[in-house]
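Notebook open, structure on screen. I'm jotting down what I look up as I go.

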Amino acid sequence: MKTFYEFNLSHPVVQSISSLGFETATPIQEQTISIALEGHDVIGQAQTGTGKTAAFGIPIIENSEADKRAIQAVVLTPTRELAVQVAEELNKIGNNKGIRTVPIYGGQSIDRQIRALKNKPQLIVATPGRLMDHMRRRTVRFDEIKTVVLDEADEMLNMGFIEDIETILAEMPKPRQTLLFSATMPNQIRMLAEKFMNDPKLIKIKAKEMTVSNIDQEYIEVQEKKKFDVLCRLLDIQSPELAIIFGRTKKRVDEVSEALIKRGYFAGGIHGDLTQMKRDQVIRQFKEKTIDIMVATDVAARGLDISGVTHVYNFDIPQDPESYVHRIGRTGRAGATGLAITFVTPREIDHLRTIEKLTKKKIAKRAIPTYQELMVGQRQATIDKLVHTAEEEDLKEYKMAAEQLLEDTDSVTLLSAALKLLTKEPDTTPVKISSIEPLRVKKARKQNDSYNRNRGRDRMRRNKPRGRKKS
Ligand SMILES: Nc1ncnc2c1ncn2[C@@H]1O[C@H](COP(=O)(O)OP(=O)(O)OP(=O)(O)O)[C@@H](O)[C@H]1O
Ligand SMILES: [Mg+2]
């Protein structure tokens with residue numbers, strides 16, 4: 001493993017990296033950084049959560065000049081949240097060197113962005129639709145651009161951004177460097193690379209499996225109607241620190257998050273039909289742990305890097321196996337451990353097998369937790385709380401009452417009563433979750449048939465079935 005001192009990076013960049021707490025480079029970083037620094041085009045593929053952002057971020061920052069007040073690299077990302085997150089990380093890496101990054105995305109006031117662009121940042125991170133807007137208004141200039149990065153390239157194609165991306169790439173100066181990253185690499189990407197890249201070096205981090213080994217993967221066979229109660233049971237038994245629950249549709253996400261709130265959980269939903277303000281709010285609350293459950297559609301959580309996500313629950317099995325890889329990859333990041341549990345209705349078992357085939361990893365079957373297991377879990381949670389309170393809290397005001405109680409009743413009986421009162425009975429508040437159809441087995445499709453591939457899939461701000469999307 002290489003430390004960041006071994007790349008011959010300039011001092012301010014090494015310093016920023018070390019204040020981020022990174023010591024050794026991850027495999028994708030180790031291979032990408034030197035090759036990208038030499039100016040080569042790179043196609044980078046590595047598992048989720050293994051540091052692809054810094055893999056392209058470090059070389060573009062190293063290759064940028066702080067005293068040149070012009071955009072020197074553009075990073076394209078599929079969603080607004082990702083644009084914000086990637087810009088934050090680039091700002092951290094570029095901080096000491098004086099390299100500034102501005103995120104450019106739909107849903108935010110364009111005037112504010114125009115002002116930010118007038119300040120001449122060296123880097124921008126943009127969603128394709130909004131960048132096109134700025135190009136039309138001539139509020140962004142590309143003449144000094146040396147590098148273009150496509151992050152989550154496969155998802156941008158899935159979302160129908162292909163024409164935008166081609167337009168943007170065609171506007172970029174030549175020669176330039178193009179870096180393309182994704183955790184999965186469908187054929188369409190190879191076609192894009194062929195058209196727009198210059199002798200790209202393929203850096204594929206060889207892993208036996210597509211998913212990182214620190215994520216435990218399980219599935220539960222459960223009928224559609226029972227999913228929600230099983231979910232609540234799991235949440236009560238496992239009390240995840242931070243959990244993301246994936247639903248198939250926006251409506252589903254709304255219903256599940258509302259139902260969870262009704263039953264007393266701290267949950268929030270995120271999908272592409274919510275306002276940007278609402279989406280930002282839910283992500284902020286989740287990061288601050290004011291809520292510990294985020295319910296999301298596929299695209300809403302693409303690439304999101306939130307530390308401390310311990311559990312991923314697939315309330316609905318994902319439409320395609322690649323989504324599975326991305327969904328469960330929201331946990332087990334940067335070497336942490338995580339648990340991913342997928343609900344599969346009896347008619348969807350074939351889809352699970354397709355996922356196993358792609359990831360080359362067996363997903364273990366778990367039984368629906370019984371009422372007994374639930375109560376054991378609940379009791380244990382109560383005991384933990386009680387012991388914690390006994391150790392940590394000031395109990396002076398209660399001691400007199402306790403001593404009086406002990407005069408008439410023995411301590412074991414009293415404590416048992418306290419445990420009984422404190423143990424949460426399963427909440428059976430009625431909730432409404434509309435049933436959805438099981439996934440149908442898809443007929444074999446052409447590799448590059450991106451339209452069929454994505455029909456019915458949730459997309460951020462997808463307004464028209466085809467063509468340009470706002471972003
Ligand atoms: N060298 C490193 N040492 C320690 N932590 C790192 C290192 N590089 C990156 N990280 C951290 O690992 C986490 C995941 O990184 P990142 O979001 O770049 O992953 P990714 O490969 O882009 O994942 P995804 O495929 O889900 O988009 C981040 O929190 C990042 O700060
Ligand atoms: Mg990423």
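In what order do the seven strands of the open sheet that contains S1 run? I traced them as S3-S4-S2-S5-S6-S1-S7, with parallel pairing. A reminder to myself before going further: this is a predicted model.

**Entry: edges and twist of that sheet**

I checked the ends next. Strand S3 (101–104) and strand S7 (201–204) each have a single partner strand, so one side of each has no neighbour in the sheet. From one strand to the next, the twist averages 15°.

**Entry: one pair inside it**

I picked strand S2 (residues 73–76) and strand S5 (residues 147–151), which pair in the parallel sense over four bridges. Valine 75 has valine 149 in S5 as its bridge partner. Then I looked for a helix on this sheet and found helix H2 (residues 27–37), which touches strand S1 (42–45), strand S6 (177–182) and S7. The direction of H2 makes about 175° with that of S1.

**Entry: the other sheet**

I found another open sheet of seven strands, in the order S10-S11-S9-S12-S13-S8-S14, and its pairing is parallel. Which strands stand at its edges? They are strand S10 (267–270) and strand S14 (364–365); each has a single partner strand, so one side of each is left open in the sheet.

I zoomed in on strand S9 (residues 243–246) and strand S11 (residues 293–296), a parallel pair with four bridges. Phenylalanine 246 sits opposite alanine 296 in S11.

Helix H12 (residues 276–288) lies across S10 and S11, at about 140° to S10. Helix H13 (residues 321–328) packs on the sheet and touches strand S8 (215–221), S9, strand S12 (311–314) and strand S13 (338–344). I noted about 150° between the directions of H13 and S12.

**Entry: ligand 1**

Where does ligand 1 lie relative to the domains? Domain 1 (4–209) and domain 2 (211–371) both give residues to the shell around ligand 1, so the ligand lies between them. I listed 19 residues around ligand 1, and those that come nearest are Gly51, Lys52, Thr53, Asp305 and Ala334. Helix H3 (residues 52–62) gives the most to this shell, with three residues. The shell divides into six nonpolar, ten polar and three charged residues.

**Entry: what the record says**

Last, I looked at UniProt. An unreviewed entry there puts the feature "short sequence motif: Q motif" at residues 2–30. UniProt also lists residues 2–30 for "domain: DEAD-box RNA helicase Q", again from an unreviewed entry. In the model, I found the end C-alpha atoms of residues 2–30 lying 7 Å apart, with the span 45% helix and 0% strand.

Notes: Residues are numbered from 1 along each chain as its sequence is written. Chains are lettered from A and ligands numbered from 1 in the order in which they are written. This is a predicted model: local features need pLDDT of at least 70, side-chain atom pairs count only at pLDDT 80 or more; totals for chains, interfaces and linings use all residues. Two strands pair if DSSP finds at least two bridges between them. Helices (H or I, at least four residues) and strands (E, at least two) are DSSP runs, numbered from the N terminus. Two residues are in contact if their C-beta atoms, placed from the backbone, lie within 7 Å. Axes are lines fitted to C-alpha atoms, for helices over the stretch in contact, and angles run from 0 to 180 degrees between N-to-C directions. A residue is near a molecule or strand if its C-beta atom, placed from the backbone, lies within 6 Å of it. Ala, Val, Leu, Ile, Met, Phe, Trp, Tyr, Cys and Pro count as nonpolar, Asp, Glu, Lys and Arg as charged, and the others, Gly among them, as polar. Domain bounds come from an automatic or database domain assignment. UniProt positions are given in the numbering used here, feature names are shortened, and annotations may be inferred rather than shown by experiment.
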